Amino acid sequence: MRNWSRLRSLSGREMLFLARCLTVVSAVRLALSLSSYNRVRGLVTRLDARRDASIADLRRVAWGVAAAARFVPGASCLTQALAGQYLLARQGSASKISIGIERGTGSELKAHAWLMSGNHIVLGGSVNGFAHLVDHGS
């Protein structure tokens, strides 16, 4: 119930952006279910994104994607990173997805994805405790 009261307190512009984020997160989640990561990433990175995003834009995308992901079942860190990368690329802002594995997990492999823009982590939290595997830029 608390989430609904927060939704009612949003401005029209914020609601519209949240609806856009919900659409993108849902579409990416569905695409990852039906296709491969490389194919979905290829669709996301077709957009020409070269400029740096402002901190305000990064915070807005982080908020929107994280909020939308709460309503999309199975919206993993990879889903959120791809959705955030798409939203940033739509406004011409460059970003990259970093993928790593957790150190010291024994026989269980735990992977994680982050969305990075410049030196800023947009989505995915701290990289501490993870060994970097690969970056996929826009």
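A search of the whole structure, which is a predicted model, finds one aromatic pair. Trp 114 and Phe 130 form this pair, which is edge-to-face, with 5.0 Å from centre to centre and 80° between the planes. Because Trp 114 lies in strand S2 and Phe 130 in strand S4 (residues 130-137), the pair ties together parts that are 16 residues apart in sequence.

**Aromatic rings**

- A pair of aromatic rings is described by the distance of the centres and the angle of the planes.
- Trp 114 is buried, at a relative accessible area of 3%.
- Phe 130 also counts as buried, because its relative accessibility of 19% falls under the 20% cut-off.
- Elsewhere, Arg 60 lies over the face of Phe 17, at a distance of 3.8 Å from the ring centre.

**Overall form**

- The protein contains five helices and four strands.
- Read from the N terminus, the order of the elements is α-α-α-α-α-β-β-β-β.
- The C-alpha trace spans about 45 × 35 × 30 Å along its principal axes.
- A compact globule of 138 residues would have a radius of gyration near 14 Å, and the value of 15 Å for the protein agrees with this.
- Of the 138 residues, 37% count as buried.
- Among contacts between residues at least 6 apart in sequence, 68% join residues at least 24 apart.

**The largest nonpolar core**

- In soluble globular proteins, nonpolar side chains tend to be buried together.
- Here the largest nonpolar core has 31 residues, and those with the most contacts inside it are Val 25, Val 65, Leu 82, Ile 97 and Leu 115.
- The elements that give two or more residues to this core are the helices H2, H3, H4 and H5 together with strand S1 (96-102), S2 and S3.
- Val 65, one of the residues with the most contacts inside the core, touches Cys 21, Val 25, Gln 80, Ala 83, Gly 84, Leu 87 and Leu 123, leaving aside its neighbours within four places in sequence.

**Helix H4**

- Helix H4 covers residues 55-69, and its 15 residues should span 21 Å at 1.5 Å a residue; the end C-alpha atoms are 21 Å apart, in agreement with that expectation.
- The buried residues of H4 are Leu 58, Val 61, Ala 62, Gly 64, Val 65, Ala 67, Ala 68 and Ala 69.

**Helix H5**

- The 14 residues of H5 should span 20 Å at 1.5 Å a residue, which agrees with the 20 Å between its end C-alpha atoms.
- Because 10 of its 14 residues are buried, H5 is largely enclosed by the rest of the structure.
- The buried residues of H5 are Thr 79, Gln 80, Ala 81, Leu 82, Ala 83, Gly 84, Gln 85, Leu 87, Leu 88 and Ala 89.
- Gln 80, a residue of helix H5, is buried at a relative accessible area of 18%.
- Not counting residues up to four places away in sequence, Gln 80 touches Val 65, Ala 66, Ala 69, Ala 75 and Leu 123.
- Just after H5, Gly 92 takes a positive phi of about 85°.

**Val 44 in helix H3**

- Val 44 belongs to helix H3 (residues 37-44) and is buried, with a relative accessible area of 6%.
- Beyond its neighbours within four places in sequence, Val 44 is in contact with Leu 82, Gln 85 and Tyr 86.
- Leu 82 and Gln 85 are among the buried residues of H5.
- The C-alpha atoms of Val 44 and Leu 87 are separated by 9.1 Å, although these residues are 43 residues apart along the chain.

**Ser 117 in strand S2**

- Ser 117 is found in strand S2 and is buried, with a relative accessible area of 4%.
- Its contacts, leaving aside neighbours within four places in sequence, are with Ala 53, Leu 58, Ala 94, Ser 95 and Val 122.
- One of these contacts, Leu 58, is among the buried residues of H4.

Notes:
Residues are numbered from 1 along each chain as its sequence is written. This is a predicted model: local features need pLDDT of at least 70, side-chain atom pairs count only at pLDDT 80 or more; totals for chains, interfaces and linings use all residues. Side-chain values use heavy atoms; hydrogens and water are left out. The expected span of a helix is 1.5 Å times one less than its number of residues. Buried means under 20% relative accessible area, exposed over 50%, partly exposed in between (1.4 Å probe, protein chains only). Contact means heavy atoms within 4.5 Å. Rings of Phe, Tyr and Trp (its six-membered ring) pair if their centres lie within 6.5 Å; planes under 30 degrees apart count as stacked, over 60 as edge-to-face and the rest as tilted. A charge sits over a ring if NZ of Lys or CZ of Arg is within 6 Å of the ring centre and within 35 degrees of the ring normal. A nonpolar core is a set of buried Ala, Val, Leu, Ile, Met, Phe, Trp, Tyr and Cys residues joined through side-chain atoms within 4.5 Å. The radius of gyration is taken over C-alpha atoms; the globule rule is 2.2 Å times the number of residues to the power 0.38.
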